[in-house]
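Definitions are given where a term comes up.

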Amino acid sequence: MTVIAKVHAREVLDSRGRPTVEVEMLDDAGHCASAMVPSGASTGRFEALELRDGDLARYDGAGVLRAVDNVNRVIGPALMGLDPADQFSIDDRLLALDPTDRKTQLGGNALLGASLAALRLGAAARHVWLYEHIFATYEPTTAAGSERAAAQTIDRPRMPLPMINMISGGLHAGGNLDFQDVLVQPVGAPDLATGLEWTVRIYRRLGKLLAEAGYEGTLVGDEGGFGPRLKSNREAIEFVVRAIAAAGLRPGLDVTLALDVAATHFYSDGMYRLRATSGGALTSDELVDEIERLISEYPITSVEDALAEEDWSGWQMLTARLGNKVQLVGDDLFTTNPARIRWGIETGAANAVLVKVNQIGTVSESLRALRLAHSAGYRRIVSARSGETEDSTLADLAVGVGAEQIKIGSIARSERLAKYNRLLKIAERLEGVKTA
């Protein structure tokens, strides 16, 4: 067994040019690993605190030197001597240092940087691929009935089906559309490599179609999706359907659509206030009616955050009406929080969970959220954020836990491609393993 011997954090930049935390960790055998923390734009109010400096003289107040100092001064010394392969013990120590629900004492970005670095160091110390280490951590050989063995198990690591951004709106692209993203899923592809080739083809056809219609077909949003100023959410969907057909693929058979509505961000005073459509202010029932119409008209198989994060009665109604037709994903609704996921399961809200490690703050809590969702039969989508880095841990996480899907962004921008390329490497090693 090796033990953690050194921890060092620094301030680096994410894909939007905003500061984030990087943590390096070494063990006493000379193994070294590092991890960088992602950052969201469309954030739920129940997420772990992203600690920022507030010093307007640096990065307009967005610096993370306080979080870096918390790693170097508080977290690092507390982790000395721990086994990097024992993720749960490491994260238990982190949570003891900051027991607040939203990690407000030390910052979710400080804790997560250390947690992710330990995860990667654990794999290095065990001389295994990261996804293999995650699989062993997620599916431990403990006695039946224990917390770690309570969920359904997976037989082996497996490749997730990608959910890939095509057109961005909402907070990802300056509010040009009410809905945040229109995405595609290559459900008919025989393997990951084919699915990515199809998606690149669709993306290029989409850019051409947008340009031919007089819209911007080059500039992209935070996650690489095109950000044209279209007239409505419906028009965005229609463009993507046309692009699938233009790529020589069959909408609904080879490729399906997914929507990220991000409804919390246009919800106020009990109403959903749509600006980019003629819908005006809608009740929960009326917004669900509109989503149901879209599902009936287009090959949509997944809808994320169709209603606001605290509209629990609306979510129950949505799930009762549409839960047997499409995947209903909770992101802001659940914020990777086991307590909120458990409440959703008990009340019949949603049927899938989006997992973002920086929403909760440690790897172990993310694994518990994934396990809980799996045990209830909810689908699991491991997701990136709008502010990403070249860190590719996300790809290994999705494979290691056997997640049904992964949501990285589009097939543009190197912080996205780093993760897709990592998936291609893993897929080559797991030859013969199909998408979930």
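**Exposure, strands and cavities in a predicted model**

Asp60 is exposed, with a relative accessible area of 69%; exposed means over 50%, buried under 20% and partly exposed in between, for a 1.4 Å probe and protein chains only. The model is predicted, so local features need pLDDT of at least 70 and side-chain atom pairs count only at pLDDT 80 or more, while totals for chains, interfaces and linings use all residues. Residues are numbered from 1 along each chain as its sequence is written, and side-chain values use heavy atoms, with hydrogens and water left out.

Asp60 sits in the loop between β3 (32-36) and α1 (65-79). Helices (H or I, at least four residues) and strands (E, at least two) are DSSP runs, numbered from the N terminus. The phi of Asp60 is near 55 degrees, a positive value in a residue other than glycine. Thr335 also has a positive phi, near 45 degrees, and belongs to the loop between β11 and α9 (338-347). Thr335 is buried, with a relative accessible area of 0%.

Confidence comes next. pLDDT is the predictor's confidence in each residue, from 0 to 100. The protein chain has a mean pLDDT of 92, and 93% of its residues reach 70 or more. Over residues 141-151 the pLDDT is below 50, and this stretch has 12 contacts in the model beyond near neighbours in sequence; a contact means heavy atoms within 4.5 Å.

Now the strands. Strands of a sheet pair through backbone hydrogen bonds, either parallel or antiparallel. Two strands count as paired if DSSP finds at least two bridges between them. Strand β10 (residues 300-304) pairs with β11 in the parallel sense over three bridges, and Glu304 has Val329 of β11 as its bridge partner. Within β11 (residues 327-330), Gln327 and Val329 point one way, Leu328 and Gly330 point the other way, and all are buried.

An open sheet is formed by three strands in the order β7-β8-β9, with antiparallel pairing. Its edge strands, β7 (267-268) and β9 (280-282), each pair on one side only. Between β8 (residues 271-274) and β9 there are three bridges, in the antiparallel sense, and Tyr272 stands opposite Leu282 in β9.

Among the helices, α4 (residues 130-138) is mostly covered, with seven of its nine residues buried. These are Leu130, Tyr131, His133, Ile134, Phe135, Thr137 and Tyr138. Their cover includes α2 (87-97), α3, α11 (363-375), β13 (379-383), α12 and α13 (414-429).

Ile90 lies in helix α2 and is buried, with a relative accessible area of 0%. Leaving aside residues up to four places away in sequence, Ile90 touches Ile4, Leu79, Leu82, Asp83, Pro84 and Ala118.

On a 1 Å grid over the protein atoms alone, a cavity is a set of points where a 1.4 Å probe fits but cannot get out, and lining residues have an atom within 4 Å of a point. Grid points are joined across faces, edges and corners, and a volume is the space filled by probe spheres set on the points.

The largest cavity holds about 160 Å³ of space. Of the 18 residues that line the largest cavity, Pro38, Leu116, Val357, Thr393 and Leu394 are the closest to its centre. Helices α3 (108-126), α10 (357-360) and α12 (393-400) are the elements that give two or more residues to this lining, and α12 contributes the largest share, three residues.

How values were computed:
On a 1 Å grid over the protein atoms alone, a cavity is a set of points where a 1.4 Å probe fits but cannot get out, and a pocket is an open set with protein on both sides within 12 Å along at least five of seven lines; lining residues have an atom within 4 Å of a point.
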